[in-house]
Amino acid sequence: MAQDATVTWLTQEAYDRLAAELEHLSTHGREEIAKRIEAAREEGDLKENGGYHAAKDEQGKQEARIRQLKGLLRTAEVGEAPQSSGVVETGTVITAIIAGDEETFLIGSREIAGDSELDVWSEQSPLGAAILGLKIGEKTSYTAPNGREIPVEITGVATWGGE
């Protein structure tokens, strides 16, 4: 499992889902937004045309998502979720006591979790970086963006099951 910051680990299901989204946005999505911009342009004065500006804003967001997906898929490492060995690694579900509260979350990319309600922490986040490689029962702390030191204890490491 690569921990390089430029590599994103994805399940095959997540990779396929993102590739399909990219295909849709790059084809039908671009066609739809172009039609909306053209229809709004035909309404007249572009300075005060809310529909035109909204469509252009949406086009910008869509193009940003296309660039994000292309980069993500280009650098993706596709594979099965690592089988839990009790060690925190990318693609595992962690249960931890963070600042006195028990939380369960996935370590990796938000894209792995798809429609899951599970919180996701990047392995590059302060929390993710602090706990990578820890075993059940081990404790550490990390510095939050506000400068506060947050204690963490790993109480569980499970295999990501996709739900």
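Figure 1. The model is predicted. Salt bridges between domain 1 and domain 2 also number zero. On the side of domain 1 that touches domain 2, five residues are nonpolar, two are polar and two are charged.

**Figure 2. The chain is divided into two domains.** Domain 1 covers residues 9–78, and domain 2 covers residues 87–159. Nine residues of domain 1 and seven residues of domain 2 take part in the contact. Taken over C-alpha atoms, the centres of domain 1 and domain 2 lie 32 Å apart.

**Figure 3. Domain 1 and domain 2 bury about 570 Å² between them.** Carbon and sulfur atoms give 60% of this area. Within domain 1, the residues that lose the most area to domain 2 are W9, R17 and L72, which together make up 65% of what that side buries. Three elements each supply at least two residues of the side of domain 1 that touches domain 2: β1 (8–10), α1 (12–41) and α2 (50–74).

**Figure 4. R17 and E13 form a salt bridge.** Their side chains meet with an N to O distance of 3.3 Å. Side chains of opposite charge can pair when their charged atoms come close. R17 and E13 are about one helical turn from each other because they are four residues apart in helix α1. In the whole structure, a search finds five salt bridges.

**Figure 5. Strands β3 and β4 make a hairpin.** Strand β3 spans residues 92–98 and strand β4 spans residues 101–107; the two run antiparallel and are joined by six bridges. I94 has F105 in β4 as its bridge partner. Two residues lie between the strands of the hairpin, and A99, in the turn, has a positive phi of about 55°.

**Figure 6. Strand β4 also pairs with strand β5.** Here the pairing is in the parallel sense, over three bridges, and β5 consists of residues 119–121. Which residue in β5 is the bridge partner of L106? The partner is V120. In a regular strand, side chains alternate between the two faces of the sheet. The pairing of β4 with β5 is parallel, whereas β3 and β4 run antiparallel.

Key. Residues numbered from 1 in each chain as written. Predicted model: local features only at pLDDT ≥ 70, side-chain atom pairs only at ≥ 80, totals over all residues. Heavy atoms only, no water. Domains from an automatic or database assignment. Contact = heavy atoms within 4.5 Å. Buried area = accessible area lost by both parts, 1.4 Å probe. Salt bridge = Lys/Arg side-chain N within 4 Å of Asp/Glu carboxyl O. Nonpolar A, V, L, I, M, F, W, Y, C, P; charged D, E, K, R; others polar. Pairing = 2+ DSSP bridges.
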